[in-house]
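Biologist: I would like a close look at one part of this model. Please start with the whole chain, then zoom in.

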Amino acid sequence: MELTSGKVAVVTGAASGIGLALAERFARAGLDVVMADVEQPALQAASEKIAGLGGKTLAVPTDVSDEAAVNTLAAAAVDRFGAVHVVCNNAGVASLADPWFGPLSAWKWVLGVNLWGVIHGIRAFLPVLAAQGEGHIVNTASVAGLVPGIGPSYDATKHAVVAISEDLYQAMNVAMLPVGVSVLCPGWVRTSIAQADRNWSQSLGEVPARAATAEVTEPHVQRAIDEGMAPAAVADLVADAITANRFWVFTDPHFTQMALDRWQRIAEGHNPQTDADMPGLPPAKQLIAEIQQLLAGPGGALWLPGEPGPPADGTTWSRMTTEAAEAVGTTTASPWRATHPWQGQ
């Protein structure tokens with residue numbers, strides 16, 4: 001589908017990062033842009049920036065995890081512009097909370113935005129696109145939708161987005177509906193995804209504490225993000241995919257190769273590889289060693305009573321260790337340590 005003046009694009013997560021870059025790319029092509037985001041002050045500022053490019057804009061504060069809010073977004077877009085041609089379900093978050101021993105609210109938040117946000121976006125806008133006989137949906141997944149390793153809740157949602165997108169693509173072709181579908185699987189991009197908890201939903205209670213391992217992983221991830229692709233370059237790739245009606249949108253061939261290597265191991269029946277190097281990060285063995293050193297330290301999840309450096313208050317193991325021990329049906333740390341997957345030789 002050609003991106004030409006008079007057409008209308010809707011972008012969620014449009015206040016920053018890839019979403020803002022998409023809004024700008026569409027505006028420069030002459031499209032009217034509907035911008036949605038839960039971060040209202042930033043959304044207003046972003047809308048004013050895009051309006052400065054000369055196109056028409058509409059800013060709609062939207063929590064994409066809320067079905068009613070997304071339906072309201074769709075109604076507002078059609079009411080203002082009379083049609084919608086491009087829908088970018090782009091809003092996304094990531095949690096640094098412990099996925100296994102932290103609160104379930106972190107999972108609910110990530111699934112609500114990353115997965116249900118895409119589902120709500122498709123269901124709200126697809127009838128509009130199908131009825132008008134032209135349209136294109138772009139769902140933002142991640143390389144984490146092809147290769148796990150970023151974080152369980154994030155990986156789960158992004159895998160789901162890839163699968164949903166492929167199913168939608170097939171459904172549109174079988175039904176002969178003139179709606180294109182693309183899935184964006186970016187690698188490291190210069191966004192504020194690592195600070196996503198600034199938009200934590202208060203309905204879920206307090207923001208969860210960060211996992212102990214974030215002390216090791218967060219600096220490395222932030223450096224990879226800071227050195228990643230510019231959002232504008234990603235937006236250009238998306239625009240090209242829409243024009244060419246191309247499904248897959250990749251930004252980093254190194255991640256694509258990593259996905260190929262993973263599937264080759266799967267085809268050969270190998271167990272998951274725990275020391276696969278991820279582009280942009282230190283070698284996996286280095287990261288594993290750093291994590292194990294942290295967890296084996298005083299008060300850490302792998303620390304055993306009697307080892308050097310016990311906590312000054314006499315505590316023999318951390319809260320995380322207690323929960324882990326209970327999870328495997330024991331009241332001592334030793335059995336868990338012996339079977340924990342992070343425990344090296």
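What percentage of the 345 residues of the protein chain count as buried? Then take me to helix H3: which of its residues are buried, and what covers them?

Modeller: Of the 345 residues in the protein chain, 46% count as buried. Keep in mind that this is a predicted model. The chain has a mean pLDDT of 89, and 86% of its residues reach 70 or more. One stretch needs caution: over residues 307–345, pLDDT stays under 50. The model has 50 contacts beyond four places in sequence for that stretch.

The chain holds eleven helices and seven strands. Take its contacts between residues at least 6 apart in sequence: 68% of them join residues at least 24 apart.

Now to helix H3, which runs over residues 67–81. Check its length. It has 15 residues, and at 1.5 Å a residue they should span 21 Å. The end C-alpha atoms are 21 Å apart, so the two values agree.

Which residues of H3 are buried? They are Ala69, Val70, Leu73, Ala74, Ala77 and Phe81. These residues cover an arc of only 145° around the axis, so they sit on the same side of H3. Look at the spacing along the helix. An α-helix has 3.6 residues a turn, so residues three or four places apart point the same way.

What covers the buried residues of H3? The cover includes three strands: E1 (8–12), E2 (32–37) and E3 (57–61). Helix H4 (105–132) is also part of it.

Aspartate 66 caps the N-terminal end of H3. One of its side-chain oxygens lies 3.0 Å from the backbone nitrogen of alanine 68. Just after H3 comes glycine 82, with a positive phi of about 85°.

Methionine 176 has a value of about 55°. Its place is the loop between H5 and strand E6 (179–185). Methionine 176 counts as exposed because its relative accessibility is 72%, and the cut-off is over 50%. Asparagine 245 also has a positive phi of about 55°. This asparagine lies in the loop between helix H7 (231–244) and strand E7 (248–250). With a relative accessible area of 43%, asparagine 245 is partly exposed.

Leaving out residues up to four places away in sequence, serine 153 touches Trp107, Val110 and Leu111.

Cysteine 88 has a relative accessible area of 1%. Cysteine 185 is at 1% relative accessibility. How many disulfides does a search of the whole structure find? The search finds zero.

End on the outside. Glutamate 206 sits in the loop between E6 and helix H6 (214–226). At 71% relative accessibility, glutamate 206 counts as exposed. Glutamate 206 and proline 103 are 103 residues apart in sequence. In space, their C-alpha atoms are 9.9 Å apart.

How values were computed: Residues numbered from 1 in each chain as written. Predicted model: local features only at pLDDT ≥ 70, side-chain atom pairs only at ≥ 80, totals over all residues. Heavy atoms only, no water. Contact = heavy atoms within 4.5 Å. pLDDT = per-residue confidence, 0-100. Helix = DSSP H or I, 4+ residues; strand = E, 2+ residues; numbered from the N terminus. Expected span 1.5 Å × (residues − 1). Buried < 20%, exposed > 50% of the residue type's maximum accessible area, 1.4 Å probe, protein only. Arc of directions from axis to C-beta. Polar contact = N/O pair within 3.5 Å; in protein donor to acceptor, adjacent residues only side chain to side chain. Disulfide = S-S within 2.5 Å.
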